[in-house]
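User: I have a structure to study for class. Could you take me through it in questions and answers?

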Amino acid sequence: MVARPHRRSNGVMTAPAPRGRAAFAGLAGAGSALAAGHLVAGLAGMPTSSPLVAVGNSAIDLAPTPLKEFAVRTFGTADKIVLLTGMAVIIAALAVVAGLISRRSRLPGSVLIGAFGVLGAVAVAARPDFTTPALVAPVMALIAGLVVFALLMARGRSAVDGETSEDRRRFLTTSAAVVVGAGVAGAAGTALGRGAGADTSRRLVGARIPGVTAPPPGADFAVSGTPTFLTTNRDFYRIDTALTVPQLRVEDWRLRLHGMVEREMVLTFDDLVRRPLITRSITLARVSNPVGGPYISTAEFHGVRVRDLLLEAGVRPGAQQLFTTSADGFDTGTPLDVLLEPDRDALLAVGMNGEPLPAEHGFPVRMVVPGLYGYVSATKWLVDAEVTTFDRQHYWEKRGWAKQGPIKTQSRIDRPRRRDSLPAGPVTAAGIAWAQHTGIDRVEVRVDGGPWRTAELATDVSRDTWRMWRVTFHLGPGEHTVQCRATDRAGHTQPEQRRPVLPDGATGWHSVTFTCA
Ligand SMILES: Nc1nc2c(c(=O)[nH]1)N[C@H]1C(S)=C(S)[C@@H](COP(=O)(O)O)O[C@H]1N2
Ligand SMILES: [Mo]
């Protein structure tokens, strides 16, 4: 292109900027804003003040229960990735719109980006762990977004007034610098957020955790296809409302035990682990686990008895529940009569399978209560415990789930698997049964609606853990359906009637259809 004198019209545009460049300026502005916010949040050691994370977390809390259930059912533990991707697509679309409506003047796009910045700041301010310095990240994000947008619109518009090759080169180099800068900032923010101290803290705690006691021989039928008795920390199911894992440092951690007590207590981590640590194998289950579903796991938890702390604090008459809150704002209420049972061994756990709690499972301290679903008992990243009456509603209660959640007696078939094709002859069916804090008495299994057969049970480890079962049938060729039902030590047999997970856990028999050839 021949060099021509610039005919810049003092900001008043005669022709609109090219579509592609305007759209790109919008995208780059939005991307830079999110990346800058993420970086500043990471640098400040406050990962949840990243506007992207804060908006995502608000979306999770505000989503109606059926939508949440749908997301978990459909995407399983990938639900968070799906949410982030969905948000990215929406933000990108709006950013393109911001660019396209700004081809004559950058005002409309700037207003849209500004509105988004305000939304991010509101989401950050609405987080339960909010402190004023957390606003730095959304404010920096907004500034970065507006500056990058203005810069690229100015550079991009030169094409309108007659573009020199110098102009084009400047647009391209600015664009490339913005893309690389945003990418590096975003990645650095993510790395900083992840590292924010918790890893070092976990190592310091490691020394205090006793080792794992191996389960007794014969505690599982893994050779026949059941899970191993203990689930590794890696494989342990994970369910929570946290978009990014809260990063707490033991040095900063405090637990306030207050409300209807004689003596309010504030415990540091050292205060807590100076008390006797006990170890209990506990099978944790999720209330929204469908019949036959995967959301059940067992670990050895190491911790301090909740009962001892409650007795120390002195529960006042009339109190009904312990209302526990996590650093990220999740909360729940657990009946005090359960927590105060002398042999319940509800724990404030600091360790899991011989290690400090993994960050995803609540580091540094979580609650675990044998016999209750996680949503009413297993608060991770625990920071507050209030002794109160049942009037105060908890997170899932407000969303339509039952106030109280004792775990229902259930069983699951792990082998054969659905649609397996096996040789005719002896076929071993195997699976798990659970009735936490009551214990499993018997599991019965039948094929094709025939007579029930009592299954062989694995070694009984404790009434707070699952029990494996297996039984061998001799089957001819064709399609077969196997069903199981458990009976607990209170004499209750799991009912055939199917009920949905909402409001207090699914019921019904698990059945699996397969073929023999
Ligand atoms: N802070 C926090 N704790 C929480 C939850 C949560 O969303 N946030 N979910 C609860 C639910 S519903 C279950 S089933 C268990 C799951 O514990 P896990 O992720 O260690 O398996 O944690 C409980 N504790
Ligand atoms: Mo749960």
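**Cysteines, rings and strands**

Analyst: This is a predicted model. Let us start with one cysteine: Cys516 counts as buried, at 4% relative accessibility.

User: How far is the sulfur of Cys516 from the closest cysteine sulfur?

Analyst: A disulfide is a covalent bond between the sulfur atoms of two cysteines. The cut-off here is 2.5 Å between the sulfurs. For Cys516 the closest cysteine sulfur is in Cys484, too far for a bond, at 17 Å.

User: How many disulfides does the count come to?

Analyst: Cys484 is in no disulfide, and its nearest cysteine sulfur is that of Cys516. The rule gives a count of 0 disulfides.

User: Is Cys484 buried or exposed?

Analyst: Buried means under 20% relative accessible area. Cys484 has a relative accessible area of 0%. That makes Cys484 buried.

User: What share of the residues in the protein chain is buried?

Analyst: The protein chain has 11 helices and 19 strands. Its C-alpha trace spans about 95 × 65 × 40 Å along the principal axes. Of its 517 residues, the buried share is 52%.

User: Why is strand E13 largely enclosed by the rest of the structure?

Analyst: Strand E13 covers residues 425-434. It is largely enclosed because its buried residues number 8 of the 10.

User: Which residue of E13 is the bridge partner of Ile413?

Analyst: Strand E11, residues 410-415, runs antiparallel to E13. The two are joined by 5 bridges. In E13, the partner of Ile413 is Gly431.

User: And which residue in E17 is the bridge partner of Ala429?

Analyst: E13 also pairs with strand E17, residues 467-475, through 9 bridges. These two strands run antiparallel. In E17, Ala429 has as its bridge partner Val471.

User: Which side chain makes a polar contact with the side chain of Arg286?

Analyst: Arg286 is in the loop between strands E3 and E4. It counts as buried, at 10% relative accessibility. Leaving out residues up to four places away in sequence, Arg286 touches several residues, including Glu69, Tyr237 and Tyr373. Its side chain makes a polar contact of 2.7 Å with that of Ser288.

User: What is the angle between the planes of Phe236 and Phe301?

Analyst: The whole structure holds 10 aromatic pairs. A pair of aromatic rings is described by the distance of the centres and the angle of the planes. For Phe236 and Phe301, the centres are 6.2 Å apart and the pair is edge-to-face, with the planes at 85 degrees.

User: How many residues apart in sequence are the parts that this pair ties together?

Analyst: Phe236 is buried at 4% relative accessibility, and Phe301 is buried at 0%. Phe236 lies in the loop between helix H8 and strand E1, while Phe301 lies in strand E4. The pair therefore ties together parts whose separation in sequence is 65 residues.

User: Which residues form one aromatic cluster?

Analyst: The cluster brings together five names. They are Phe330, Tyr375, Tyr395, Trp396 and Trp401.

User: Which ring has Arg470 over its face?

Analyst: Arginine and ring meet in two places here. The charged end of Arg453 sits over the ring of Phe473, 4.8 Å from its centre. Arg470 lies 3.9 Å from the ring centre of Phe221.

Terms used
Residues numbered from 1 in each chain as written. Chains lettered and ligands numbered in written order. Predicted model: local features only at pLDDT ≥ 70, side-chain atom pairs only at ≥ 80, totals over all residues. Heavy atoms only, no water. Buried < 20%, exposed > 50% of the residue type's maximum accessible area, 1.4 Å probe, protein only. Helix = DSSP H or I, 4+ residues; strand = E, 2+ residues; numbered from the N terminus. Pairing = 2+ DSSP bridges. Polar contact = N/O pair within 3.5 Å; in protein donor to acceptor, adjacent residues only side chain to side chain. Contact = heavy atoms within 4.5 Å. Phe/Tyr/Trp six-rings, centres within 6.5 Å; stacked < 30°, edge-to-face > 60°. Lys NZ or Arg CZ within 6 Å of the ring centre and 35° of its normal.
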